[in-house]
Amino acid sequence: MNRWPDTRILELFNIALPILQAPMAGATGSSMAIAVAKAGGLGSLPCAMLTPEQILEEVAIFRQHSSNAPLNLNFFCHQPPPRDDARAERWKLALKPYYQELGADFDAPTPVSSRAPFDSDSCALVENLRPEVVSFHFGLPEQALLDRVRATGATIISSATTVEEALWLEQHGCDAVIAMGYEAGGHRGLFLSDQLHTQVGTFALVPQIADAVRVPVIAARHCLPVLSRSQGQRPAQRGAARCHG
């Protein structure tokens, strides 16, 4: 018997437990998504660092082992910064003493990780694969792409690091908002401002966002309440459910 005071998050994702796997790019894959899905949570596949072929392969593996479970595909919506070789060289020179201390090869090529933003090709994959949930970081894609994602029937969620971002996401059609405090994963999906003084911790951010929006709120990276408020409720009447982001 379900004992969560507010079951909207369970109904929204069609899951048994209010646990959402964090789609950590480069760190998780189909095996973890399958394990989370079999446990009753929402399995996620991080797609920002995968090629289209890898995404197809990972989704196929998930569907083979968890055919009836919902799946979340996660994408980034950032604007890639322009290449700045001079800046990169200054950083490397600043780290040269550590190269020498550790005996590392200072002249070796610097590894580069590629995190591709959501584009028309990514959207075509979503249209083909039809995941039950599509999540974004760093805001949302342009409206035309977002409309195509919504036309597939997918539930759409994204992350907010401030109340202002949460309101923006709700106004642009997100079905739920991820509250990402400054300590979440060592990085933040901020997108309306790059001013770090606006960033607060998860314990403070979750109730602030839950007071401001009407859609369910998901706490990122911590075992914290998922707070949501139905129309007409006072803050003291908010339903809560535990969730891992």
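Both Phe-75 and Phe-118 are buried, where buried means under 20% relative accessible area, exposed over 50% and partly exposed in between, with a 1.4 Å probe and protein chains only. The model is predicted: local features need pLDDT of at least 70 and side-chain atom pairs count only at pLDDT 80 or more, while totals for chains, interfaces and linings use all residues. Residues are numbered from 1 along each chain as its sequence is written, and side-chain values use heavy atoms, with hydrogens and water left out. As for pLDDT (the predictor's confidence in each residue, from 0 to 100), its mean over the chain is 83.

Phe-75 and Phe-118 also form an edge-to-face aromatic pair, at 4.9 Å centre to centre and 70° between the planes. Rings of Phe, Tyr and Trp (its six-membered ring) pair if their centres lie within 6.5 Å; planes under 30 degrees apart count as stacked, over 60 as edge-to-face and the rest as tilted. Phe-75 sits in strand E2 and Phe-118 in the loop between helix H5 (96-102) and helix H6 (120-129), so the pair ties together parts 43 residues apart in sequence. Helices (H or I, at least four residues) and strands (E, at least two) are DSSP runs, numbered from the N terminus.

Phe-136 belongs to strand E3 (residues 133-137), 18 residues apart from Phe-118. With 0% relative accessibility, Phe-136 counts as buried. Together, Phe-75, Phe-118 and Phe-136 form one aromatic cluster.
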